[in-house]
Structure formats: C-alpha cells, structure tokens
Amino acid sequence: MSNTPMAANPLTRAVLEIDEYASSLGWDQPARLFALVDNARLRVQEPALAAQLDLADEQKTTGLTPIEQDEIPAGKPLDEFLATIAWPDAVVGCALTVERLMLPPSAEASVPQGLSDKKLAAWVAAHPDRQEVRMTVAVLRDGTRDSAVRLREKDAATEVLTGSGLVPGLAEALSATFAED
C-alpha cells in the first residue's frame, strides 16, 4: 500500500492503510473487519508469517499490520455482530471500515419523529443533502482510537479526514470487543 500517507503514529498509519485498501475496492462495499497486530511481536512470535507479510526486515517492525477477517454476515446488524467478537491476546487492536449515508447537522431538525429504522434509512437516502461516506475506525486494547472519513464526492487520499473523535459510537462498539467479562 505504497500510496498511504505517512502519519505520526502507527494507529493512524494503519487507519490510512485500511482506508486506501477499501478505496482500491471501490464504493458500495460491505463492512470489513480487521485485526491489528504489532509488527515487532509478530516478527518474534510468527517469523514465517512476518516474512510472508514482508515484515522480516527489522526496520519494518515498528507499527501495526491490519489483517482482514472473515466477511461480516449479511443482514446481521453491525452492533449485534460486534457483540459476538472476542480477540486472542496476539491482537492488539481492531478496525472496521463501513459505508454510510450521513446528513449535515443542519438537517437534524427536519428528521421526522417516530419512524422505524427502515423508514428513517429511506428518508435519509432520499434527502437532498445526504453524503455518502466511508468510515474507517480503529481502536487498541489500551483505549487509543483513531479514524478516517472519506466522502464519496471527494474521493481522494488528500481529502481524507482523520481524528480520534470522528466516529465515537463506532469506536465505542469496537472497544467493547476487547472488554473482559
């Protein structure tokens, strides 16, 4: 993923790498879940896998490697699916990329009350100010989080917004996959 912009920290680099990967697949894609593994730990514990991922070189061992997981079941609500996940100790974080329709804050006052989820989704889809976005959100076991948001109408790597608080609800749901009962 050579076009991924360099970022200050490994989590932001992983988020941008996943965003670039999702971008290469085009729009109208299903949600995708990724485990995040520490490159240095992977190199020590799984040297053959590290070599396969081109991480055998010691200079490339800082950072995180996203590993795409099995497809998220179609038709299952994302929050219900995430509630079923438990990660092994080797996974230091996880990330999810998902496409959604969003409305600007100015549209909130005009949202009809009492609509079912299905009718609300149809109302948003028909709204003239809707924006199609791809959100990539990542969290680490220690609570660190980061995200990237790409608008379909500004589909360029230079137009991707990043920040830790862009998609707080999804970050919370991903963090819950690391909660110990």
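Does Glu172 count as buried, partly exposed or exposed, and at what relative accessibility? Glu172 counts as partly exposed, at 46% relative accessibility (buried is under 20% relative accessible area, exposed over 50%, partly exposed in between, with a 1.4 Å probe and protein chains only).

## Basis

This is a predicted model, in which local features need pLDDT of at least 70 and side-chain atom pairs count only at pLDDT 80 or more, while totals for chains, interfaces and linings use all residues. Residues are numbered from 1 along each chain as its sequence is written, and side-chain values use heavy atoms, with hydrogens and water left out.

## Salt bridges

The structure holds 7 salt bridges (a side-chain nitrogen of Lys or Arg within 4 Å of a carboxyl oxygen of Asp or Glu). One of them pairs Arg145 with Glu172 at 2.8 Å, N to O. This pair links distant parts of the chain, with Arg145 in strand 5 and Glu172 in helix 6 (residues 168–176), 27 residues apart. Helices (H or I, at least four residues) and strands (E, at least two) are DSSP runs, numbered from the N terminus. Arg145 is partly exposed, at 22% relative accessibility.

Arg152 forms a salt bridge with Asp28, with the closest N and O atoms 3.2 Å apart. The two residues lie 124 residues apart in the chain, Arg152 in the loop between strand 5 (145–151) and strand 6 (161–163), and Asp28 in the loop between helix 1 (10–25) and strand 1 (32–38). Asp28 is exposed, with a relative accessible area of 56%, whereas Arg152 is partly exposed, at 29%. Arg152 also meets Glu132 in a salt bridge (2.8 Å, N to O).
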